[in-house]
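Welcome to this guided tour! Keep your viewer open, and select each residue as we come to it.

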Amino acid sequence: MAKTQISIYFVCLASSLILNVLLLRNNVYLGGKGELSWSRRAAAEAEAVAEISCSGHGRTYLDGLVVDGSPVCECNSCFGGPDCSQSLPDCVADVDGGDPLFLEPFWMQNAASSAMLVAGWHRMGYEFPNKSLISKLLEDHIRKIHATVGNAVTQGRFIVFGAGSTQLLNAAVHAHSLHNSSAPAKVVASLPFYPVYQLQTDFFRSLDFQFQGEAALWKNKSDSTSNFIKFVTSPNNPDGQLRKAVLHGPHVKVIHDHAYFWPHFTPIPAPADEDLMIFSLSKLTGHAGTRFGWALIKDEDVYQKMLTYVTMNTLGISKDTQLRAFQLLKVVLEGKGRQLFDFGYTTMKERWEKLRNALSMSKRFSIQEIAPRYCTFYEAIKDPSPAYAWLKCERKYDKECYTVLKEAGIIGREGSRFGGESSYVRLSLLKSQDDFDALLHRINKLVTKEDGSKSVI
C-alpha cells in the first residue's frame, strides 16, 4: 500500500512539473500575458484579407488595391466583377508566362504551416552574426531537400544564393569566363533553348563572353582552342526533355540549369552530379515572386567568383526572402516531400493528359512526345507531367503558328524566341486552373473545326 502511494505521488509530481514547463513556455512565447501581444494585429489583418471571398476565381492581398478602405479582389483570367464571379466568355487564353500558380491550392491547404509573421526589427543588418550573407539554417534545409528527393548531389559542393536562377545564370557565365583572354568565350545552348540565356548574355555586352547560338554547330569545328560556356537545361524549357551536354573538352565549361528537375515535372532517374547546378524556389514551391535560387558548385574558384558577383550585384539576398524560403522548405520536408510533390505531379499529369487527348483528334496540331520513365523518388514508372507543351502547327501554310493560335484566342510564346522554328509555340501548363481551362476550351474549339471532329471535353 505504501509503495502504491509513493508511485502515485511521483506520477503527480512529474505531471505537475510538465504542466508548469508547458505554461512557462507559453508565457514566454505569448509575451507573458497568456495571449498574443504585438503580433495580434498583423495576424488579424492577414486572416481578414485572406477570408474575403473572390468566388474561387481570384485573391485579395495585404499589398493589393484598396477601395473605400477594403481590399479588392484581383481576378484570374476570364473572370471579373467585384467578387470575380462574372465569367468573361470571349476572353483570351493567356498561356505565355511561367507563373507556377498550379501550386496555389496546395499552399492554401497548408496556410497555417506555411504562414510567417515577421517582426519589424527582424535582421535589419546586412550580414548574419557569422559575417555571412547566407542563412546557414536555410543552406542546411536545401541540402536536406536534395537528399530527400534524390535529385542532386550536395556533398562536397559549395552553395551560392541568388535572386532567382536568373541572377545565378549570368554569375555562372561570369565565373567561367577568362577575363584576360584575347577572345571572348562562346556562350552556346542546344535548340530549342530558354531565351534568357541569349537575352541576358547580349544585354551585359561583356568583352569576356558572347552568345554564339546553337551548340551543335561547334561540335565538329577544327578550332579546338576556343573557350565555350554551354547551357544545359534538364528538363528542357520549352519541351521538357532530359538533356546532357553535347560539347566536351578542356575548353568547355557547362552550366546545368535544373530549375524543373523536381518530381512534379519529371521522373528523377538519378541524382544530378555535375560541377555547376542551378535550382530555383520558383519551380520547386511555385513562389516565383520570392526571387530565390541557389547554385551547387564543385570548384572553389568558381564558387568564389560567383559569390563575388552576387555580392557586388545585390550585396546578397534579402533576409526576408531567405526567411520565407526557409519556412516553405520546412513545409516541403514534412512527410519527406510527398505532400507537395504528390499534389504537383497529379495536377500537371492531369493537365498534360487532357491537352494530349484534346489534340489527339487533330491533324493540324501536335505536341512533343515524352515517354514514361522510372523515378527514384517514387520508386515507380511515372507518366509525363511537363511544365510546358511544345505545340507544332503541322500544315505548311501555318508557318506562323503563334499568329494561328492568337487568332483563335490563345497567346503562347513564339518558337522563334527559343531559337526554334516559327511553326512552334510554347504553351504554359503552370498557371491557374482558370487559365488551363481557358486554354483547353480554346484548343477544343480549334480541333472541332477540323473536318467536324468532336470535342473530347
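**Stop one: a pair along a helix**

Select K136 and D140: these two form a salt bridge, with their closest N and O atoms 2.7 Å apart. A salt bridge here is a side-chain nitrogen of Lys or Arg within 4 Å of a carboxyl oxygen of Asp or Glu. Both residues lie in helix α5, four residues apart, which is about one turn of the helix. Helices (H or I, at least four residues) and strands (E, at least two) are DSSP runs, numbered from the N terminus.

Before you move on, a word about what you are looking at. This is a predicted model, in which local features need pLDDT of at least 70 and side-chain atom pairs count only at pLDDT 80 or more, while totals for chains, interfaces and linings use all residues. Residues are numbered from 1 along each chain as its sequence is written, and side-chain values use heavy atoms, leaving out hydrogens and water.

Are K136 and D140 buried or exposed, or something in between? K136 is partly exposed, with a relative accessible area of 48%, and D140 is partly exposed too, at 32%. Buried means under 20% relative accessible area, exposed means over 50%, and partly exposed is in between (1.4 Å probe, protein chains only).

Now select D273 and R157, whose side chains meet in a salt bridge (2.6 Å, N to O). D273 lies in the loop between β12 and β13, and R157 in the loop between α5 and β8 (158-162), so the pair ties together parts that are 116 residues apart in sequence. D273 is partly exposed, at 46% relative accessibility, whereas R157 is buried, at 8%.

Next, pick D96 and R413, another salt bridge, with the closest N and O atoms 2.6 Å apart. Because D96 lies in the loop between β7 (93-94) and α3 (104-109) and R413 in strand β20 (residues 413-414), this pair ties together parts that are 317 residues apart in sequence. Both D96 and R413 are buried. The count of salt bridges comes to 12.

**Stop three: an arginine without a salt bridge**

Go to R351, in helix α11 (residues 338-359). R351 is buried yet has no salt bridge, and the nearest side chain of opposite charge, D437, is 6.9 Å away. (Lys and Arg count as positive and Asp and Glu as negative; His and the chain ends are not counted.) Which side chain makes a polar contact with the side chain of R351? That partner is Q433, at 3.2 Å. A polar contact is a pair of N or O atoms within 3.5 Å; within protein, one must be able to donate a hydrogen and the other to accept it, and residues adjacent in sequence count only if both atoms are side-chain atoms.

**Stop four: a buried tyrosine**

Select Y260, in the loop between β12 (252-257) and β13 (276-280). Y260 counts as buried, at 8% relative accessibility. Its side chain makes a polar contact with the side chain of Y388 (2.6 Å). Leaving aside neighbours within four places in sequence, Y260 is in contact (heavy atoms within 4.5 Å) with several residues, among them P235, F265 and L430.

**Last stop: the surface**

Finish at M124, in the loop between α4 (111-114) and α5 (136-149). M124 is exposed, with a relative accessible area of 69%.

Note on methods
Lys, Arg positive; Asp, Glu negative; His and termini not counted.
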